[in-house]
Amino acid sequence: MKQIKLCFKDFMKAALIRAARTVAQTAVATIGAAVVISEVNWLATVSASVLAGILSILMSIATDLPEVE
């Protein structure tokens with residue numbers, strides 16, 4: 001039982017790190033698409049970044065994470 005909890009803990013840590021990186025990459029990409037900082041659509045940036053993070057976690061659940069193995 002302890003081994004399962006340890007594996008779950010490692011999996012969640014790796015999945016959350018991966019999701020955080022995905023959120024940051026998406027935010028940088030959407031901000032970088034604007035010519036000047038005042039033209040950034042912040043609502044679109046936040047919503048795209050959050051969606052990318054959620055999709056990253058779902059993909060981590062659906063597939064194996066190489067970081068855990």
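## A nonpolar surface patch

Seven residues, Val-46, Val-50, Leu-51, Ile-54, Leu-55, Leu-58 and Ile-61, make up a nonpolar patch on the surface. Together they have about 650 Å² of accessible area. The model described here is a predicted one.

One member of the patch, Leu-51, belongs to helix H2, which covers residues 42-62.

## The protein as a whole

The protein contains two helices and zero strands. Of its 69 residues, 20% are buried. The accessible area of the protein is about 5300 Å², and 70% of this comes from carbon and sulfur atoms.

Some contacts in the protein join residues at least 6 apart in sequence; among these, 69% link residues at least 24 apart.

## Helix H2: length and faces

H2 has 21 residues, and at 1.5 Å a residue it should span 30 Å.

Which residues of H2 are buried? They are Thr-45, Ser-49, Ala-52, Gly-53, Ser-56 and Ser-60. Viewed down the helix axis, the buried residues of H2 fall within an arc of 100°, and therefore they line one face of the helix. On the face turned away from this buried side, H2 carries the exposed residues Leu-43, Ile-61 and Ala-62. Ile-61 is also part of the nonpolar patch.

## Ser-60, a buried residue

Ser-60 is found in H2. Its relative accessible area is 1%, so Ser-60 is buried; the cut-off for buried is under 20%.

What does Ser-60 contact, apart from its neighbours within four places in sequence? Its contacts are Phe-11, Ala-15, Arg-18 and Leu-65.

## Trp-42, a partly exposed residue

Trp-42 is also placed in helix H2. Is Trp-42 buried or partly exposed? Trp-42 counts as partly exposed because its relative accessibility is 45%.

Leaving out residues up to four places away in sequence, Trp-42 touches Ile-31 and Ile-37. Trp-42 and Ala-27 are separated by 15 residues in sequence, and their C-alpha atoms are 9.4 Å apart in space.

Methods:
Residues are numbered from 1 along each chain as its sequence is written. This is a predicted model: local features need pLDDT of at least 70, side-chain atom pairs count only at pLDDT 80 or more; totals for chains, interfaces and linings use all residues. Side-chain values use heavy atoms; hydrogens and water are left out. Patches are made of residues with over 30% relative accessible area and no salt bridge: like charges are joined within 9 Å, nonpolar side chains (Val, Leu, Ile, Met, Phe, Trp, Tyr) within 5 Å. Accessible areas come from the Shrake-Rupley method with a 1.4 Å probe; for residues, only the protein chains shown count as cover. A salt bridge is a side-chain nitrogen of Lys or Arg within 4 Å of a carboxyl oxygen of Asp or Glu. Helices (H or I, at least four residues) and strands (E, at least two) are DSSP runs, numbered from the N terminus. Buried means under 20% relative accessible area, exposed over 50%, partly exposed in between (1.4 Å probe, protein chains only). Contact means heavy atoms within 4.5 Å. The expected span of a helix is 1.5 Å times one less than its number of residues. The arc is that of the directions from the helix axis to the C-beta atoms.
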